[in-house]
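The tour below goes from one selection to the next.

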Amino acid sequence: MMIASAHAVILEGVGHASIHNEDLASARAEARSAAMRDLALQYEAQVSTSDTMENGVLTESRMRLASSARARNVKVIDEHRSGNLLRVTVRGDISAGSASCEGGESGRLKKRVAVTGFPLLYPGQARVGRIDDAGEILPQHLQQGLRESGNLQVFAATTSRLFPDLLNAPTIQQNDNRLTNVIQLAREMGVQFVVTGVIRDVGVADPAAWGSSVLDRMQRSIGAADMRRRFAVDVVVLDGFSGSPIYQQRFQTAADWNAGPGSSAGFGSEGFRKTHYGEAVAGVVGDMTQVVIDALACQPFMARITRVDGQLVTLDSGATAGLRPGDELHLYRSARYFDSLGGTPELSDSQVRVTLNNVHPDFSNGRMPQVGGQVNIQRDDIAIIW
């Protein structure tokens, strides 16, 4: 089914999954992911083949199917179980994604990303269902999704909290004009980007609906109580070299909190995942993961210079990021001015490149055509591949 709109089309996708050991929640998540892939491939798919010939004989043939579509406002409109097979149908607004950003040389490199904790703005809301661990479990799910994309190096920092003022995050500034202490965290962890956020709302629509009286229980049993629960989270992607936000979005959903008494014991528990609310939150986390991947795909690959010795330059990134001997990186000077030492550093193109000749797992080095002192390239300057 396709319905055209001004900037997107509305499509329906179908996904299937097998149910193992009556784990319906896992099968539902797998089927939803398959349906999302079906949505994207319906919109815009590209097929490329790669054949290997030896002495005129085809010895290997590979086919790659990729899509540059992006889905928004995705909703499950039908679910059908037949034995141990689950079929899920979803509908969403599909538009062109950011695959064009991946055409540059930086697209083959794995950028380093740290994911911090997502503190709860109102911790008291988490008492229902005992989901006070959401601030650590939510970013763990986000980390897993980013790792599974295969395009990023992901580091955990879920116990770190960047924002002292959650209500105004991330717009509050420190005394040194930086938005957060993200620069220090990025430097300590050796990452290029930091993903963080705040869980704004996990409240129930009607707190009285969760009373323990006979009347409360009766109203819940007959569906007279409002059992909806809200979920709202702000996600921010920050540049680790400047501390500046490069992407920010709020995600929201709501669904019935249909957990039985004592069945939910945490944000990541099986009881939580099986609730309608848990399923809705899982869908939001999937959307969060994809938009972070899309946002980072359009960013250049940047590595910090750790040492300059004559013409020899050492970088803090290596083979695990995808760098190889022979790669050329543009060298940029990083400068701050005396009247704004705590401000965002300014990068200026030195018009010099470094060619890598030794690549190790976590660092690499190469030579530039001039001595570092002649072009003022030094430690903490930046090497970039666009």
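A strand here is a DSSP run of E with at least two residues, and strands are numbered from the N terminus. The model is a predicted one.

**Stop 1: Ala114.** Select residues 111–116, which make up strand β7, and pick out Ala114 within that strand. Is Ala114 buried or exposed? Buried means a relative accessible area under 20%. Ala114 has a relative accessible area of 0%, so Ala114 counts as buried. Now show what surrounds this residue. Leaving aside residues up to four places away in sequence, Ala114 touches Phe155, Met189, Val191, Phe193, Val194 and Val195.

**Stop 2: the open sheet.** Widen the view from β7 to its sheet. Five strands form this open sheet, in the order β8-β7-β9-β10-β11, with mixed pairing. Which strands stand at the edges? They are β8 (152–157) and β11 (245–256); each has a single partner strand, so one side of each lacks a neighbour in the sheet. On average, neighbouring strands of the sheet are turned by 20° against each other, direction ignored.

Next, select β7 together with strand β9, residues 193–201. These two strands pair in the parallel sense, over three bridges. Within the pair, Val113 stands opposite Phe193 of β9. Phe193 is also one of the residues that Ala114 touches.

**Stop 3: the helix across the sheet.** Select residues 276–297, helix α6. This helix lies across β7, β8, β9, β10 (228–239) and β11. Relative to β11, α6 runs at about 165°.

**Stop 4: the barrel.** Move on to the six strands of a closed barrel, which runs β12-β13-β16-β15-β14-β17 with antiparallel pairing. From one strand to the next, the twist averages 45°. For a detail, select residues 312–315 (β13) and 364–367 (β16): four bridges join these antiparallel strands. Leu315 has Ser364 in β16 as its bridge partner.

**Stop 5: confidence.** Finally, colour the model by pLDDT. The mean for the protein is 81, and 77% of the residues reach 70 or more.

Technical notes. Residues are numbered from 1 along each chain as its sequence is written. This is a predicted model: local features need pLDDT of at least 70, side-chain atom pairs count only at pLDDT 80 or more; totals for chains, interfaces and linings use all residues. Side-chain values use heavy atoms; hydrogens and water are left out. Two strands pair if DSSP finds at least two bridges between them. Axes are lines fitted to C-alpha atoms, for helices over the stretch in contact, and angles run from 0 to 180 degrees between N-to-C directions. pLDDT is the predictor's confidence in each residue, from 0 to 100. Buried means under 20% relative accessible area, exposed over 50%, partly exposed in between (1.4 Å probe, protein chains only). Contact means heavy atoms within 4.5 Å.
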